[in-house]
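Open the model in your viewer and keep the selection tool at hand. This tour tells you what to select next and what is there.

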Amino acid sequence: MTWSFGSIIGLLIAGVILGLIGRLLAPGEQKIPFWLTILAGIVGALIGNLVATWVGVRYTGGFDWWRHIFQVIAAVIAVLIADAVYPRVHSGQRA
């Protein structure tokens with residue numbers, strides 16, 4: 001896969017949108033910085049696309065509902081993982 005400037009900008013925009021949706025849908029209050037929210041959204045976008053490809057619904061006619069649902073679910077999980085890991089890493093604690 002080649003990365004163009006447009007695909008990187010698109011991934012950043014998807015990261016912002018999916019990260020914010022992930023934070024909204026994740027239970028509780030997440031104490032992670034905005035850059036980590038974007039990173040969780042990017043991870044959600046990439047993993048959601050991968051799952052949609054495995055299931056066979058990545059490229060469909062019209063709006064790709066299933067792909068976006070997979071992306072949102074992956075973003076929520078990524079936000080929850082980031083929220084669990086970030087305080088420990090940020091404070092210097094080791095598991």
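Start with helix 1 and helix 3. Helix 1 and helix 3 are roughly perpendicular to each other (angles of 65 to 115 degrees count as roughly perpendicular, under 35 as roughly parallel, over 145 as roughly antiparallel and the rest as oblique). Their axes come within 8 Å and cross at roughly 70°. Axes here are lines fitted to C-alpha atoms, for helices over the stretch in contact, and angles run from 0 to 180 degrees between N-to-C directions.

**Before you go on**

This is a predicted model, in which local features need pLDDT of at least 70, side-chain atom pairs count only at pLDDT 80 or more, and totals for chains, interfaces and linings use all residues. Residues are numbered from 1 along each chain as its sequence is written, and side-chain values use heavy atoms, with hydrogens and water left out.

**Stop 1: the whole chain**

Show the chain as a cartoon. It has three helices and zero strands, in the order α-α-α from the N terminus on. Helices (H or I, at least four residues) and strands (E, at least two) are DSSP runs, numbered from the N terminus. Along the principal axes, the C-alpha atoms fill a box of roughly 45 × 30 × 20 Å.

Now colour by pLDDT, the predictor's confidence in each residue, from 0 to 100. The chain has a mean pLDDT of 89, and 95% of its residues reach 70 or more.

How much of the chain is buried? Of its 95 residues, 33% count as buried. Buried means under 20% relative accessible area, exposed over 50% and partly exposed in between (1.4 Å probe, protein chains only).

Contact means heavy atoms within 4.5 Å. Among contacts between residues at least 6 apart in sequence, 61% join residues at least 24 apart.

**Stop 2: helix 1 against helix 3**

Select helix 1 (residues 5–25). On its side, pick Leu18, Gly19, Ile21, Gly22, Arg23 and Leu25. They meet Gln71, Val72, Ala75, Val76 and Val79 in helix 3. The residues of this contact divide into seven nonpolar, three polar and one charged. Ala, Val, Leu, Ile, Met, Phe, Trp, Tyr, Cys and Pro count as nonpolar, Asp, Glu, Lys and Arg as charged, and the others, Gly among them, as polar.

Turn the view to see how the two helices pass. Helix 1 passes helix 3 in a right-handed crossing. A crossing is right-handed if the near helix is turned clockwise from the far one by less than a right angle, and left-handed if anticlockwise.

**Stop 3: helix 1 against helix 2**

The axes come within 6 Å and cross at roughly 105°, so helix 1 and helix 2 are roughly perpendicular to each other. Which residues meet here? Helix 1 brings Leu11, Leu12, Ala14, Gly15, Val16, Leu18, Gly19, Leu20 and Arg23. Helix 2 brings Phe34, Thr37, Ile38, Gly41, Ile42, Ala45 and Leu46. By class, the contact has 11 nonpolar, four polar and one charged residues.

**Stop 4: helix 2 against helix 3**

The crossing of helix 2 with helix 3 is right-handed. On helix 2, select contact residues including Trp35, Leu36, Ala40, Val43 and Gly44. On helix 3, contact residues include Arg67, Phe70, Gln71, Ala74 and Tyr86. This contact has 16 nonpolar, four polar and one charged residues.

**Stop 5**

Go to Ile73, in helix 3. Ile73 counts as partly exposed, at 45% relative accessibility. Gly44 is 29 residues away from Ile73 in sequence and 7.4 Å away in space, C-alpha to C-alpha.

Next, find Gly56 in the loop between helix 2 and helix 3. Is Gly56 buried or exposed? Gly56 counts as exposed, at 57% relative accessibility. From Gly56 to Trp66 it is 10 residues in sequence and 9.9 Å in space, C-alpha to C-alpha.

End on Trp66, which lies in helix 3. Trp66 is exposed, with a relative accessible area of 54%. Ala26 is 40 residues from Trp66 in sequence and 19 Å from Trp66 in space, C-alpha to C-alpha.
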